[in-house]
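Okay, everyone, thanks for coming. Let me put the structure up and then walk you through the parts I looked at.

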Amino acid sequence: MSIGFESHFRIRAGIGVVTICLFQAIAASQTCSVAVSVRDGGGLAITGAAVRLGSGSIEAGLKSTGLDGLARFDPLACGSYRVTVAQPGFDEVETEALQVSGAAPVEVSVILTPKTERHDSVEVHDAISKAGQESSPGEPVRGQDMKDLPSRPATVADALPMLPGIVRAPDGSLRINGSGEHRGALLINKTDVTDPATGRFGQTVPVDSVEEMNVLKTPFMAQYGRFTSGVVSVETRRGGDQWHYELNDPFPDFRFRSWHMTGLRDTSPRGVVNGPLIPGRLYLAETLLYDFRKTPNRTLPYPFNESKQETVNSFSQLDYIVSSRQVLTSTLHVTPQRINFVDPQFFTPQPVTPSYRQQEFQGTVIDHLSLGGGMLNSTASFQRFDATVGAQGTADMILTPTGDAGNYFSGQNREAGRYEWMETWSPARRQLLGEHDLQFGTAIARTSNEGRFWARPIHILDPAGILLRRLTFTGGDQYDRSDIDSALFAQDHWNIRPNLVLDFGSRFERQTIAETFRIAPRAGIAWTPFEGQNTVIRGGYGVFYDRVPLNVYSFERYPQQVVTDYAPNGSVIGAPLTYLNLIGTAYKPSLLIHGGNEPGNFAPNSATWNVQLEHTFARLMKVRATYTDSNSSGLIVLQPQVVGASAALLLNGTGRSQYKQAEITARYAWRKSEMFLAYTRSKAQGDLNDFGGFLGNFPTPLIRPNSYALLPSDLPNRFLTWGRVVLPRGFQLLPAVEYRNGFPYSSYDVLGNYVGAPYDNHTRFPDSFSLDARLSKDFKINSKYSLRLAVSGMNLTSHFNALAVHSNIADPQYGSFFGNYNRRFLADFDVLF
């Protein structure tokens, strides 16, 4: 006979939800046992959590949870005990006294939630937690570590290049594993917030709202979908038990030239408020960022080298504790933005650049319910993405080998949206040849995209100013596209033995507008071969599918391009050629992809596998070595085609790419200091005419024949290190060092066509090296206020990191590199309440 009851609990800091289920059998045995299961809010086991069992002032045992999230105390003298669970980044939990008796083990289930209370000083634990229990863990970064980088990032997107595998390309876009943003996924509290029109990330949340950011390059858990290159997952901060206020970067930065102030450079004040609206019940966390920047480009002279950007970024979160079994979380993200002179540089000076205005709204309501020993998460979300792209004037765009003139050629108005409902159910752990943590989920989303795209003529001139080609545009109409995107997944986190875990499952996706049904099987393994669990061997294989952005299906309503060639004497060569905008097919019989042979039946996918070895040395240093191989096919590319007098720009699903990466990362922690180091050896190659360069916010003016080559973001070698070093007298040093090979570039002829092999290893920018550092110190003003003063130095060695190259063979300066950001310093301070 067993007796079940729910015990009361208390949490030492922040908000927590703990469900303790005790199952006792009445027996006459003199020894007992306790098994403590530790999970996060998503139902996943937590490895390396410190579990203490105590009776009064006597500690009966201290153990760490294994890969299965369990800590077992056996044998144990029967009696009354308290269980305390601690894990870096989570609130510590202590149960009330438990009466332990009988022969059957007492099972205690604890759910940890992330820390919610901010402190003036940042605590870095001496010990590094043991290897994660998942077969494909990411590399988490705390929000505070992001804030304190020398570059002082304001949003998640600003901080992403600090992680291996993510770089900012020369055009300013983010590249994940060598691919563009539209092939990745951005999750805020596990909710997809990518733009349904372009697939890009858009405006991300302020760093002050971030509890933890994690980049999952190969997540073999079936719960993740709608990507082929990687997942950026962000968990936001919750309000704490005490009211907390921050005012970060309250004063503007001024521009000084020759020791004279010449105006405002930028300002990014950020206010943070969090605390209990109703103590013990309702908590608020609010971050408001105003960001005004004048970003210079050193390839142009001042003051005609600046991009001017103004952004308001507000993120609000409410957490309501309904009961010990239920928590409701709601968030609202509002971020209007205006940019004038988008990315000016030597070849596209300010008058040629586009202007940009956007408005984003994102709201979610999430219900966390502990039910039947498991966890049910229900999420409803809405998103709105409105964008307008314009030019500096109405002049035609002029392209020459030595630089462009006129005004940007295209513009668009767009309104896109998404409404989504998700359910995820993690039942209680099951016993069958080991322990099974099952998870089932479903999601359905309606997306929409309506707007209009227009374009003006483009003139291609030779160095002498003679017209060689003229591109004009005809037609074009309003577009209005919508889609229903649904998914179903099931996965099992199978603890075969305490040192062996198998993750396997499958995801089933359907995108109605593409008329395809896709099956994505995945499997991964984690094995700790030695006692102590300091060494973990992981591996896995999975199939992943991209969502197809709605701009792809709007392409047929874009204006059609008309190409007219001219002889040196000004006469027309042949008849003008009109290119139709067509959407092709990608149908290939497959066991995993099902659909009809219809235009637009795209299913971009990747098959990825990896192996990983991880070892923790004396709980102070964790080293991880990973090899990843990803092969993508069915990618959407834009291909010009000419057959006789007929021509077309064909969007088809025949593109492919390949990414190989060997990576070594290390984290070393001592006292209150910590350093992160990473070396990446990689190769990225694929089709160059990915649709993202032509159907995004700022399409390129020329469409060249497609070619398979190294990708523009290919980096064979990259070394990255950053961290925090606590110095005497309360000083903190935050260094950041990056060394990498230069990006490849392509040579062009006078018409803008490729010359030789594009993006060849022999045509690369010089190697880049940057040493940045930030030195800060907190000063206590009184019991309520502290002042943090800091000075940051960028590119302290003044290494020449070229920004541009003369790549047109008709340019007299062909092959020369230029532009560089020299050593510069910045002082700032934060007010802590």
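Let's start in the loop between β18 and β19 (230-236), where you'll find Arg 226. Keep in mind that this is a predicted model. Arg 226 has a phi near 65°, which is positive even though the residue is not a glycine. Is Arg 226 buried or exposed? Its relative accessible area is 8%, so it is buried, the cut-off being under 20%.

There's another one like that to show you. Glu 515 is not a glycine either, and its phi is positive, at about 55°. You'll see Glu 515 in the loop between β37 (500-511) and β38 (516-527). Glu 515 has a relative accessible area of 40%, and that makes it partly exposed.

The peptide bond going from Tyr 302 into Pro 303 is cis, with omega near 5°.

Back to β18 for a moment, and its sheet. Five strands make up this open sheet, with mixed pairing, and the order is β12-β18-β19-β16-β17. Which strands stand at the edges? Those are β12 (141-142) and β17 (191-192); each has a single partner strand, so one side of each has no neighbour in the sheet. β12 and β18 (residues 210-216) run antiparallel and are joined by two bridges. If you want to find one, go to Arg 142, whose bridge partner in β18 is Glu 212.

As a general point, nonpolar side chains in soluble globular proteins tend to be buried together. Here, the largest nonpolar core has 36 residues, and among those with the most contacts inside it are Met 397, Val 552, Phe 555 and Leu 695. Several elements give two or more residues to this core, including β28 (374-391), β33 (435-455), α3 (551-554) and β44 (621-643). Take Phe 555: leaving aside neighbours within four places in sequence, Phe 555 is in contact with Asn 581, Leu 582, Leu 638, Leu 649, Leu 651 and Leu 695. Apart from this core lies another, of 29 residues, with Leu 149, Leu 186, Val 207 and Val 215 among them.

Phe 555 also takes us to the aromatics, as it forms one aromatic cluster with Phe 453, Tyr 479 and Tyr 558. How many aromatic pairs does a search of the whole structure find? It finds 22. In one of them, Phe 346 and Phe 347, the ring centres are 5.0 Å apart and the planes sit at 85°, so we call that pair edge-to-face. Phe 346 counts as partly exposed, at 30% relative accessibility, whereas Phe 347, at 18%, counts as buried.

Tyr 745 and Phe 765 make another edge-to-face pair, with 5.8 Å centre to centre and 75° between the planes. Tyr 745 is in the loop between β49 (731-740) and β50 (747-748), and Phe 765 is in the loop between β51 (754-755) and β52 (768-780), so the pair ties together parts 20 residues apart in sequence. Both Tyr 745 and Phe 765 are buried.

Arg 656 lies over the face of Tyr 708, 4.1 Å from the ring centre.

Note on methods
Residues are numbered from 1 along each chain as its sequence is written. This is a predicted model: local features need pLDDT of at least 70, side-chain atom pairs count only at pLDDT 80 or more; totals for chains, interfaces and linings use all residues. Side-chain values use heavy atoms; hydrogens and water are left out. Rings of Phe, Tyr and Trp (its six-membered ring) pair if their centres lie within 6.5 Å; planes under 30 degrees apart count as stacked, over 60 as edge-to-face and the rest as tilted. Buried means under 20% relative accessible area, exposed over 50%, partly exposed in between (1.4 Å probe, protein chains only). Helices (H or I, at least four residues) and strands (E, at least two) are DSSP runs, numbered from the N terminus. A charge sits over a ring if NZ of Lys or CZ of Arg is within 6 Å of the ring centre and within 35 degrees of the ring normal. A nonpolar core is a set of buried Ala, Val, Leu, Ile, Met, Phe, Trp, Tyr and Cys residues joined through side-chain atoms within 4.5 Å. Contact means heavy atoms within 4.5 Å. Two strands pair if DSSP finds at least two bridges between them.
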